[in-house]
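This report covers a few local features of one protein model.

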Amino acid sequence: MSDGIKRRDFLKVLGVSGAGVAAAGCSTGEVERLIPYVVAPEEIVPGTPTYYASTCRECPAGCGIIAETHSGRTTKVEGNPANPISLGNLCARGQASVQGLYHPDRFTGPSAQETGLPPRSLSWSAAEQSLADAIRRARQAGRPGNVVFLTQSYTGSMDRLVNQWVAAVGGRRVIYDPFAFQPRGLDFANAQYLVSFGADFLETWGSPVNYAFQLARMREYRDGRRGKFVWVGPHRPLTGLNADQWVAPRPGTEAAIALAMAGAMDVATAAQQTGVEAAVIEQLGREFRAGRGFALGPGNAVQGANAGALQAAVDRLNGGAAGSAPRGPGMQQVTELVRQMAAGQVDVLLIDAPNPVYTLPGALNFAEAMDRVRTTVSFASFPDDTAVRCDLILPDHHFLEAWDDYVPTEGVYEIVQPTMRPVFNTKQVGDVLLAVSRQLGLAGVASETTYYDYIRANFPGGADAWRAAVVRGGVYATPSV
């Protein structure tokens, strides 16, 4: 077993929690009885797999998946051939998602944490009441915006619900997601010349599964010629190792190469700034113009003070086409939030974001600022640097246990559906928000009782589209690449 999972722990998860899991396959209800799988539901045939079309949520790409279950337990996931993002493929991270589903280190239920004391288990009703009381006290304090929800990037129903909820409590939402604004839905399969300025699109940038498929199509021989891929960056990761040519400028000078290729900077000046020979830069510009060129970037590998200039240069090289990451709120909102936390201006902080204590720059002192917040709440599934510092832990479902929808790119509406009952006593974030909303008597929030009902009520195309999406995994056109 990997990740420190001992065999006896893994069997404990399957043997104790799994008995209840097996009671019924695809359901959002809680496990009511821990009984052996003696009398199977009529739709389950022992030894015969059942399949569910869903969406991978291991990264923002939103690849369609087919989950295979046996006797009510999810055992394998593969790519969904009908999905225009994954095209039947799936990366290693998606393949490994089942391991996270059964991992014994997951939070097993809601809990409260006090300094110097071990975590105290709570029922969901008590945990939601505790959160509602904290928000009620914060609202009575009369400081606008003192309830903050720090979230990852959402789309579809979750994005809409969180915005409604935050507005109703008189709070505000801050988005923090390192991969939020990397573009998905780009089409470069028919380009003859591809240049990446640090965008590791075969690894983490954008939609790696889809982009790997497109790169393979681009490099096929057509009319006697093969597409060329150039990597521009001071170091060479996996994506760069798959390039036909590597150009290594001085760190932070990549924008000069893009501008020179676009004819917006003198080649000699670019060569002097970057340390790349003028002849190489001229060759890049000549081949880019002659080969239906397409540029990608910037990627995380070249983020920093010069990222904005490189983004503008890549956009210019593409003639205004979308080849670089769209501009998002950036770090200004997060930096301002940390300042307000440290000043004691935030009373309740809810966190459903990628472990900010660990992933944010240490100089921001996010962990120290958290200590000045009266009530901190985490929706994390696993103990991480942020969750262990929070007062309340309200663990979210694994995506293979949850209902949701997702819009990875325009015109693609995907379904996330549970492939089995929850392994532990977890609850979906949307359901928690709706429950707390009812306790506070908030106006302007959804009237639906469950998040599942909320998704169905807002799904584009109505009931017929919903039923088709549950079977197919989403509503989308035939793959175009």
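## A strand pair and its sheet

Tyr406 stands opposite Glu414 in strand E18. E18 covers residues 413-416 and is joined to E17 by three bridges, the two running antiparallel. Strands here are DSSP runs of type E with at least two residues, and helices are runs of H or I with at least four, both numbered from the N terminus. Two strands count as paired if DSSP finds at least two bridges between them.

The open sheet has three strands in the order E17-E18-E19, paired antiparallel. Its edge strands are E17 (404-406) and E19 (474-475), each of which pairs on one side only. Arg57 lies over the face of Tyr406, 3.8 Å from the ring centre; this requires NZ of Lys or CZ of Arg within 6 Å of the ring centre and within 35 degrees of the ring normal.

## Basis of the model

The model is predicted: local features need pLDDT of at least 70 and side-chain atom pairs 80 or more, while totals for chains, interfaces and linings use all residues. Residues are numbered from 1 along each chain as its sequence is written, and side-chain values use heavy atoms, leaving out hydrogens and water.

## Aromatic pairs around Trp403

The whole structure contains 13 aromatic pairs. Rings of Phe, Tyr and Trp (its six-membered ring) pair if their centres lie within 6.5 Å; planes under 30 degrees apart are stacked, over 60 edge-to-face, and the rest tilted. Trp403 and Tyr452 form a tilted pair because their planes meet at 50°, with the centres 4.8 Å apart. This pair links Trp403, in the loop between E16 (392-393) and E17, to Tyr452 in helix H16 (residues 451-458), 49 residues apart.

Trp403 is buried at 9% relative accessibility, whereas Tyr452 is partly exposed at 24%. Buried means under 20% relative accessible area, exposed over 50%, and partly exposed in between (1.4 Å probe, protein chains only). Trp403 also forms a tilted pair with Trp466, 5.6 Å centre to centre with 35° between the planes. Trp466 lies in helix H17 (residues 462-472), 63 residues from Trp403, and is buried as well.

## Surroundings of Gln245

Gln245 lies in strand E12 (residues 245-247) and is buried, with a relative accessible area of 17%. Beyond four places away in sequence, Gln245 touches residues including Phe229, Val230 and Gln283 (heavy atoms within 4.5 Å).

The side chains of Gln245 and Gln283 are joined by a polar contact of 2.9 Å. Such a contact is a pair of N or O atoms within 3.5 Å; within protein, one must be able to donate a hydrogen and the other to accept it, and residues adjacent in sequence count only if both atoms are side-chain atoms.
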